[in-house]
Structure formats: structure tokens, C-alpha cells
Amino acid sequence: MKVVVDMNKCQDHGQCVFASPDVFSLDADGRLLYVPDPDDALRDEVEEAADVCPLQAIRIED
């Protein structure tokens, strides 16, 4: 599984951080950080993060 975030769309709302804290986080400046190749065991929470993103900036590729 590969996680792709369109950083041009992302406005750092952080909803993905709540849905999938093992993959998404915010740095000290409030900017999104993420693991681009998380373990497949995290797929459900990554899918949830993509669903709750208000700007639909998260995409999952296999």
C-alpha cells in the first residue's frame, strides 16, 4: 500500500491524524507529515483518514 497526499490540496486540517495517528502527524509548525508506505495492517485506518479528509487530498495506491 502506498499513501499519496496532494500537498497542494492539503490545508493541514489534521482530520487524518485523528483517524490514523500511526501514519499521519503534524509537525511543530502544524504541517502534515505522513508515512508513504505504511504496513498493510493499517489499511482500514488509512482508508478512514482518506474518507474524513475535508479536501479529499489523500489517495491510496496498491
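Leaving out residues up to four places away in sequence, L55 touches K9, Q11 and H13. The model is a predicted one. L55 sits in the loop between α2 and β4, the strand that covers 58–61. Is L55 buried, exposed or partly exposed? Its relative accessible area is 32%. Because buried means under 20% and exposed means over 50%, L55 counts as partly exposed.

L55 can also be placed against a residue elsewhere in the sequence. L55 and F18 are 37 residues apart along the chain, and their C-alpha atoms are separated by 16 Å.

## Overall fold

How many helices and strands does the protein have? There are 2 helices and 4 strands. In sequence order they follow the pattern β-α-β-β-α-β. The radius of gyration is 10 Å, close to the 11 Å that the globule rule gives for 62 residues, so the protein is as compact as a globular protein of that length. Taken along the principal axes, the box filled by the C-alpha atoms is roughly 30 × 20 × 15 Å.

Contacts can be sorted by how far apart the two residues are in sequence. Among contacts between residues at least 6 apart, 59% join residues at least 24 apart.

## Surface and charge

Of the 62 residues in the protein, 31% are buried. The accessible surface comes to about 4,000 Å², and carbon and sulfur atoms account for 45% of that surface.

The protein carries 5 positive and 15 negative charges. The mean position of the positive charges and that of the negative charges are 9 Å apart.

## The nonpolar core

The largest nonpolar core has 15 residues. Which of them touch the most other members? They are V3, V5, F24 and I58. Both β1 (2–5) and α2 (43–52) supply at least two residues of this core. The element that gives the most is α2, with 3 residues.

F24 shows what such a position looks like in detail. Not counting residues up to four places away in sequence, F24 touches V3, V5, C16, V17, L32, L33, Y34, A49 and I58. The other three residues named above for their links within the core, V3, V5 and I58, are therefore all found among the contacts of F24.

## A buried serine

S20 is in the loop between α1 (15–19) and β2 (24–26). Is S20 buried or exposed? Its relative accessibility is 0%, so S20 counts as buried.

Which residues does S20 contact, leaving aside its neighbours within four places in sequence? They are E45, V46 and A49. A49 is also one of the residues that F24 touches.

## Positive phi angles

D12 has a positive phi of about 60°, although D12 is not a glycine. D12 is found in the loop between β1 and α1.

Q56 is the other residue: its phi is near 50°, again a positive value in a residue other than glycine. Where does Q56 lie? Q56 is in the loop between α2 and β4, and that loop also holds L55. With a relative accessible area of 47%, Q56 is partly exposed.

Terms used. Residues are numbered from 1 along each chain as its sequence is written. This is a predicted model: local features need pLDDT of at least 70, side-chain atom pairs count only at pLDDT 80 or more; totals for chains, interfaces and linings use all residues. Side-chain values use heavy atoms; hydrogens and water are left out. The radius of gyration is taken over C-alpha atoms; the globule rule is 2.2 Å times the number of residues to the power 0.38. Buried means under 20% relative accessible area, exposed over 50%, partly exposed in between (1.4 Å probe, protein chains only). Contact means heavy atoms within 4.5 Å. Accessible areas come from the Shrake-Rupley method with a 1.4 Å probe; for residues, only the protein chains shown count as cover. Lys and Arg count as positive and Asp and Glu as negative; His and the chain ends are not counted. The place of a charge is taken as NZ of Lys, CZ of Arg, CG of Asp or CD of Glu. A nonpolar core is a set of buried Ala, Val, Leu, Ile, Met, Phe, Trp, Tyr and Cys residues joined through side-chain atoms within 4.5 Å.
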